Amino acid sequence: MCLTREESAALRAVLQNLNRTRTWAQIAREIGVCTNTVRHAGTGRTPGSAGLALRVARLAGLGLDRILSPGPVSSAACPTCGRSG
């Protein structure tokens, strides 16, 4: 399944944040995909896929809905479920 433009941008943002502490190759190895798959999705060359988003969500410790929804996360809300308080 291909991602929408907004979902793809949100996935790219998460990958770029992960790339601050890991190389593309390390990310790819940790989620079990080819380095080019991660690099191309992370740089916007390809839109990515739902499967890639799910693997990235697991690596980042976030819910899939959080990976695919653009925008900042409130510091008062749980980054996984979005619950506050």
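Axes here are lines fitted to C-alpha atoms, for helices over the stretch in contact, and angles run from 0 to 180 degrees between N-to-C directions. These legends describe a predicted model, in which local features need pLDDT of at least 70 and side-chain atom pairs count only at pLDDT 80 or more, while totals for chains, interfaces and linings use all residues. Residues are numbered from 1 along each chain as its sequence is written, and side-chain values use heavy atoms, with hydrogens and water left out.

**View 1. Helix 2 against helix 3.**
Two packed helices are described by the angle between their axes and the distance between the axes. For helix 2 and helix 3, the angle is about 120° and the axes are 8 Å apart. Helices (H or I, at least four residues) and strands (E, at least two) are DSSP runs, numbered from the N terminus. The crossing of helix 2 past helix 3 is right-handed; a crossing is called left-handed if the near helix is turned anticlockwise from the far one by less than a right angle, and right-handed if clockwise. At this meeting place, helix 2 brings Trp24, Ala25, Ile27, Ala28 and Ile31, and helix 3 brings Thr35, Val38, Arg39, Gly42 and Thr43. Contact, here and in the other views, means heavy atoms within 4.5 Å.

**View 2. The whole chain, for orientation.**
Step back for a moment: the protein chain holds five helices and zero strands, and its elements run α-α-α-α-α from the N terminus on. Of its 85 residues, 29% are buried; buried means under 20% relative accessible area, exposed over 50%, and partly exposed in between (1.4 Å probe, protein chains only). Among contacts with a separation of 6 or more, 48% come from residues 24 or more positions apart.

**View 3. Helix 1 and its buried side.**
Helix 1 covers residues 5-18, and its 14 residues should span 20 Å at 1.5 Å a residue, which agrees with end C-alpha atoms that are 20 Å apart. The expected span of a helix is 1.5 Å times one less than its number of residues. Ser8, Ala10, Leu11, Val14, Leu15 and Leu18 are the buried residues of helix 1. They lie on the same side of helix 1 because they cover an arc of only 160° around the axis, where the arc is that of the directions from the helix axis to the C-beta atoms. Their packing partners are helix 2 (24-31), helix 3 (35-43), helix 4 (50-60) and helix 5 (64-68). Asn17 is also found in helix 1, but with a relative accessible area of 45% it is partly exposed. The C-alpha atoms of Asn17 and Gly42 are 9.4 Å apart in space and 25 residues apart in sequence.

**View 4. The nonpolar core.**
A nonpolar core is a set of buried Ala, Val, Leu, Ile, Met, Phe, Trp, Tyr and Cys residues joined through side-chain atoms within 4.5 Å. The largest one has 17 residues, and those with the most contacts inside it are Leu11, Leu15, Ile27, Val38, Val56 and Ile67. Helix 1, helix 2, helix 3, helix 4 and helix 5 each supply at least two residues of this core. Zoom in on Ile27 and you will find it touching Leu15, Leu18, Asn19, Arg22, Val38 and Leu59, not counting residues up to four places away in sequence.

**View 5. The buried side of helix 2.**
Trp24, Ile27, Ala28 and Ile31 are buried in helix 2. An arc of only 100° around the axis puts them on the same side of helix 2. Their cover includes helix 1, helix 3 and helix 4. After helix 2 comes Gly32, with a positive phi near 80°.

**View 6. Helix 3 and its end.**
Here the buried residues include Val38, His40, Ala41 and Gly42 of helix 3, and their cover includes helix 1, helix 2 and helix 4. Thr43 belongs to helix 3 as well, and it touches Arg12 and Trp24, not counting residues up to four places away in sequence. Gly44 follows helix 3 and has a positive phi, near 90°.

**View 7. Pro47 in its loop.**
Look for Pro47 in the loop between helix 3 and helix 4. Pro47 is partly exposed, at 37% relative accessibility. Leaving aside neighbours within four places in sequence, Pro47 is in contact with Leu3, Ser8 and Leu11.
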